[in-house]
Amino acid sequence: TCLHLPMPYLKFQASHLFTGTEMLDAGHVLVTTEKGEIVAILPREEAGDDVQQLNGILSPGFINCHCHLELSHMCNRIPEKTGLVDFVFKVVNERHHPEEEILAAIEAAETEMLNNGIVAVGDICNNTLTLPQKQKNRLHYYNFIEVSGWLPAVAAQRFERSYEQYKNYQLQTPNSKLQTSLSPHAPYSVSAELWQLLGRYFPGKTITIHNQETDFEDALFRNGTGDFMRMYQLMNLDSSFFTPTGKSSLQSYFDKIKTAAQALLVHNTFTTEEDIQFANRSTGNVNWCICINANQYIEQAVPPVELLRKNHSTIVVGTDSLASNHSLSILDELKTVSKHFPAVPLAEMLQWATWNGAVALQMSDELGSFRPGKKPGLVLLQNITGETVGANASVRRLL
């Protein structure tokens, strides 16, 4: 029998329907309310009249698990291929611009993400400049208030500064699409004293960290050598207090974030199979975020996608910032993944970008899949042939 609907409903039929976890064929119709709430997925013969016919793949909206929206004004300001140390040094020293310029860039970057089919963002925050834009509730955000401080002497001061921002985000975003946590920047920028102050705020939260973005991060922890020592010298930081652990970077800190509801490790460009197995074995809630275009921009490297897949890892996708990328587009990230790792099936990549991301950001009650009652957004992917996301693939937001 046909579905008899008491109010205006929208019905969509396309070449394929990706549910968030499964690719269905053209014999299925997605039914939503006009406001985008999912009603049902029906066989075509039960869907009745007024079905919109579309060419392409229908998918839930994309989840961008790693972004620095506050750096949007630095688009094209840092050259490609600098390597991480020089990139970080340039961000720290060149990010200060007139506030109106920064706010305008934030708004434009958010609009770009909306147009690119993104519905939620895991966003790194070192200030409150993105708050006015986020309060418009155009996108869902998980705000990661970034905490850093390599010197033990500044741990309390750095923590207090970040905690004030954390309270600001919580106070100014009640009943909105925003969640917030205090998150460590990276293993090489957080002292043991600062880790201790942070740890009590991890339970129940998604905690993110920049992980093994360079090949010399492990050298710092294994034996106190490598290019990070040069960075500390550039920044006039006395690292004589630091005692190497003799272990990899990941194995040196990972126990500290195991109490989080979800752990979100970002970049992982130089993560080894041993470390992947160590983290996956330690907790069932670890998510590996790949930002392949930023890795290409900074290091001319790619993350170990096949190693992650081989070890049944949960993969999610991020764009990083416009300081280290030419666009804020999850589809552009998938194009690059497909180019370097053509064996990855299309449905698997789309699950990284939808359902997996929604779970990682604790937003799966509303986003990430076409389950009745949810409002996950609706996008149409076009010009995708077979399993490959080629250069001509495009995305259009429908809801």
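A crossover is called right-handed if, with the strands pointing away from the viewer, the path from the first strand over the helix to the second runs clockwise. Please keep in mind that this is a predicted model.

1. With that in hand, look at β13, helix α9 (residues 273-282) and β14, which make a right-handed β-α-β unit. β13 and strand β14 (residues 286-290) pair in the parallel sense over four bridges, while strand β12 (residues 206-211) is a parallel partner of β13 over six bridges. L264 is a handy landmark: T208 is its bridge partner, and N287 in β14 stands opposite L264.

2. How enclosed is strand β13 (residues 262-267)? Six of its six residues are buried, so the rest of the structure largely encloses the strand.

3. D123 belongs to strand β9 (residues 118-125) and counts as buried, at 0% relative accessibility. Its contacts beyond four places in sequence include H68, K134 and Y141. K134 in turn lies over the face of Y141, at 5.0 Å from the ring centre.

4. There are 16 aromatic pairs. W150 and F242 form a tilted one, with 5.1 Å centre to centre and 50 degrees between the planes. W150 is in the loop between β10 (140-147) and α4 (155-172) and F242 in the loop between α7 (227-234) and α8 (249-253), so this pair ties together parts 92 residues apart in sequence. Both W150 and F242 are buried. Ring pairs also link W150 and F242 with F221, Y232 and F241 into a cluster.

5. Lastly, the charged end of K256 sits over the ring of W195, 5.8 Å from its centre.

Conventions:
Residues are numbered from 1 along each chain as its sequence is written. This is a predicted model: local features need pLDDT of at least 70, side-chain atom pairs count only at pLDDT 80 or more; totals for chains, interfaces and linings use all residues. Side-chain values use heavy atoms; hydrogens and water are left out. Helices (H or I, at least four residues) and strands (E, at least two) are DSSP runs, numbered from the N terminus. Buried means under 20% relative accessible area, exposed over 50%, partly exposed in between (1.4 Å probe, protein chains only). Contact means heavy atoms within 4.5 Å. Two strands pair if DSSP finds at least two bridges between them. Rings of Phe, Tyr and Trp (its six-membered ring) pair if their centres lie within 6.5 Å; planes under 30 degrees apart count as stacked, over 60 as edge-to-face and the rest as tilted. A charge sits over a ring if NZ of Lys or CZ of Arg is within 6 Å of the ring centre and within 35 degrees of the ring normal.
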